[in-house]
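Hi,

Here is the structure I said I would pass on.

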Amino acid sequence: MALLVLGDPEDVKNNEDKIYSIAKRYGGIPAGESNGRRGYMLTYIIAYIRDFACDYYFIGDSFETSVPWDKTVLLCINVKKRLTRECTADYTLVKALQCQRDLTVH
(Lines give C-alpha, C1' and ligand atoms only; values in the text may rest on other atoms or scores of the structure.)
Protein backbone atom coordinates (compact mmCIF):
# COMPACT_ATOMS: atom_id res chain seq x y z
CA MET A 1 0.00 0.00 0.00
CA ALA A 2 1.26 3.48 -0.79
CA LEU A 3 0.18 6.46 1.26
CA LEU A 4 0.78 10.15 0.78
CA VAL A 5 0.54 12.15 3.99
CA LEU A 6 0.00 15.88 3.56
CA GLY A 7 -0.37 18.76 5.99
CA ASP A 8 1.46 20.60 8.70
CA PRO A 9 4.90 18.99 9.26
CA GLU A 10 4.04 18.14 12.88
CA ASP A 11 0.72 16.52 11.85
CA VAL A 12 2.46 14.61 9.06
CA LYS A 13 5.04 13.25 11.51
CA ASN A 14 2.37 12.24 14.04
CA ASN A 15 0.23 10.56 11.37
CA GLU A 16 3.21 8.73 9.87
CA ASP A 17 4.20 7.45 13.33
CA LYS A 18 0.66 6.12 13.87
CA ILE A 19 0.55 4.50 10.42
CA TYR A 20 4.00 2.91 10.82
CA SER A 21 3.03 1.56 14.23
CA ILE A 22 -0.11 -0.10 12.84
CA ALA A 23 1.77 -1.43 9.80
CA LYS A 24 4.50 -2.91 12.01
CA ARG A 25 1.90 -4.86 13.99
CA TYR A 26 0.88 -6.62 10.75
CA GLY A 27 4.34 -7.14 9.29
CA GLY A 28 4.40 -3.99 7.17
CA ILE A 29 7.50 -1.91 6.63
CA PRO A 30 7.95 1.68 5.49
CA ALA A 31 9.56 1.71 2.05
CA GLY A 32 10.10 5.46 1.80
CA GLU A 33 8.95 8.19 -0.51
CA SER A 34 11.15 7.27 -3.49
CA ASN A 35 9.82 3.69 -3.58
CA GLY A 36 6.27 5.01 -3.33
CA ARG A 37 6.89 7.26 -6.32
CA ARG A 38 8.40 4.36 -8.28
CA GLY A 39 5.43 2.13 -7.53
CA TYR A 40 2.98 4.84 -8.53
CA MET A 41 4.82 5.39 -11.83
CA LEU A 42 4.91 1.64 -12.44
CA THR A 43 1.11 1.49 -12.50
CA TYR A 44 1.14 3.86 -15.49
CA ILE A 45 3.98 2.06 -17.25
CA ILE A 46 2.17 -1.27 -16.96
CA ALA A 47 -0.84 0.16 -18.79
CA TYR A 48 1.33 1.42 -21.67
CA ILE A 49 3.15 -1.91 -21.95
CA ARG A 50 -0.19 -3.74 -21.99
CA ASP A 51 -1.49 -1.56 -24.83
CA PHE A 52 1.70 -2.08 -26.84
CA ALA A 53 1.63 -5.85 -26.26
CA CYS A 54 -1.98 -6.12 -27.45
CA ASP A 55 -0.80 -5.08 -30.92
CA TYR A 56 1.16 -8.35 -30.96
CA TYR A 57 -1.68 -10.51 -29.60
CA PHE A 58 -0.07 -10.70 -26.19
CA ILE A 59 -2.16 -10.00 -23.14
CA GLY A 60 -1.19 -9.56 -19.55
CA ASP A 61 -2.64 -8.10 -16.44
CA SER A 62 -2.15 -8.03 -12.73
CA PHE A 63 -4.47 -8.79 -9.88
CA GLU A 64 -4.36 -6.98 -6.60
CA THR A 65 -5.91 -8.57 -3.57
CA SER A 66 -5.53 -8.99 0.14
CA VAL A 67 -4.93 -12.45 1.55
CA PRO A 68 -3.04 -13.79 4.58
CA TRP A 69 0.55 -14.78 3.73
CA ASP A 70 -0.09 -18.42 4.54
CA LYS A 71 -2.81 -18.52 1.84
CA THR A 72 -0.84 -16.68 -0.86
CA VAL A 73 0.51 -19.71 -2.72
CA LEU A 74 -2.93 -21.36 -2.70
CA LEU A 75 -4.44 -18.16 -4.10
CA CYS A 76 -1.88 -18.10 -6.93
CA ILE A 77 -2.54 -21.76 -7.76
CA ASN A 78 -6.31 -21.25 -7.80
CA VAL A 79 -6.11 -18.10 -9.95
CA LYS A 80 -3.89 -19.90 -12.47
CA LYS A 81 -6.26 -22.86 -12.62
CA ARG A 82 -9.26 -20.58 -13.14
CA LEU A 83 -7.54 -18.52 -15.84
CA THR A 84 -6.40 -21.65 -17.63
CA ARG A 85 -9.93 -23.11 -17.48
CA GLU A 86 -11.54 -19.88 -18.74
CA CYS A 87 -9.00 -19.41 -21.54
CA THR A 88 -9.35 -23.04 -22.61
CA ALA A 89 -13.13 -22.68 -22.77
CA ASP A 90 -12.71 -19.51 -24.81
CA TYR A 91 -10.03 -21.06 -27.08
CA THR A 92 -7.48 -18.51 -25.91
CA LEU A 93 -3.94 -19.85 -25.95
CA VAL A 94 -2.28 -19.68 -22.54
CA LYS A 95 1.49 -20.15 -22.71
CA ALA A 96 2.53 -19.12 -19.21
CA LEU A 97 1.12 -17.64 -16.06
CA GLN A 98 3.31 -16.19 -13.37
CA CYS A 99 2.76 -15.31 -9.77
CA GLN A 100 5.27 -13.35 -7.74
CA ARG A 101 4.92 -15.81 -4.86
CA ASP A 102 5.77 -19.02 -6.72
CA LEU A 103 7.34 -20.40 -9.89
CA THR A 104 6.12 -19.86 -13.44
CA VAL A 105 3.70 -22.54 -14.58
CA HIS A 106 3.70 -23.54 -18.24
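Below is what turned up when I went through it.

First, the ground rules: this is a predicted model, so local features need pLDDT of at least 70 and side-chain atom pairs count only at pLDDT 80 or more, while totals for chains, interfaces and linings use all residues. Residues are numbered from 1 along each chain as its sequence is written, and side-chain values use heavy atoms, with hydrogens and water left out.

**Overall picture**

Helices here are DSSP runs of H or I with at least four residues, strands are runs of E with at least two, and numbering starts at the N terminus. Helix α1 covers residues 9-25, helix α2 covers residues 33-54, and helix α3 covers residues 72-89.

Of the 106 residues, 8% count as buried. Buried means under 20% relative accessible area, exposed means over 50%, and partly exposed is in between (1.4 Å probe, protein chains only). The accessible surface comes to about 10000 Å², and carbon and sulfur atoms hold 60% of that; these areas come from the Shrake-Rupley method with a 1.4 Å probe, and for residues only the protein chains shown count as cover. As for contacts (heavy atoms within 4.5 Å), take those with a separation of 6 or more: 19% of them join residues 24 or more positions apart.

**Helix α2**

UniProt, in an unreviewed entry, places a "binding site" feature at Arg50. UniProt positions are given in the numbering used here, feature names are shortened, and annotations may be inferred rather than shown by experiment. Arg50 sits in helix α2 and is partly exposed, at 35% relative accessible area.

There is also a nonpolar surface patch of about 890 Å², made by Tyr40, Met41, Leu42, Tyr44, Ile45, Ile46, Tyr48 and Ile49. Patch residues have over 30% relative accessible area and no salt bridge; like charges are joined within 9 Å, and nonpolar side chains (Val, Leu, Ile, Met, Phe, Trp, Tyr) within 5 Å. Tyr48, one of the patch residues, lies in helix α2 and is exposed at 63%.

**Salt bridges**

Side chains of opposite charge can pair when their charged atoms come close. Searching the whole structure gives four salt bridges, each being a side-chain nitrogen of Lys or Arg within 4 Å of a carboxyl oxygen of Asp or Glu. Among them are these:

- In helix α1, Lys13 and Asp17 are four residues apart, about one turn of the helix, and their closest N and O atoms are 2.9 Å apart. Both are partly exposed: Lys13 at 47% and Asp17 at 38%.
- In helix α2, Glu33 and Arg37 are also four residues apart, about one helical turn, with 2.8 Å between the closest N and O atoms. Glu33 is exposed at 55%, and Arg37 is exposed at 58%.
- In helix α3, Arg82 and Glu86 are four residues apart, with closest N and O atoms 2.9 Å apart. Glu86 is partly exposed at 40%, as is Arg82 at 46%.

**Cysteines**

With a disulfide taken as a pair of cysteine sulfur atoms within 2.5 Å, the count is zero. Cys54 is partly exposed at 37%, whereas Cys87 is buried at 17%.

Cheers
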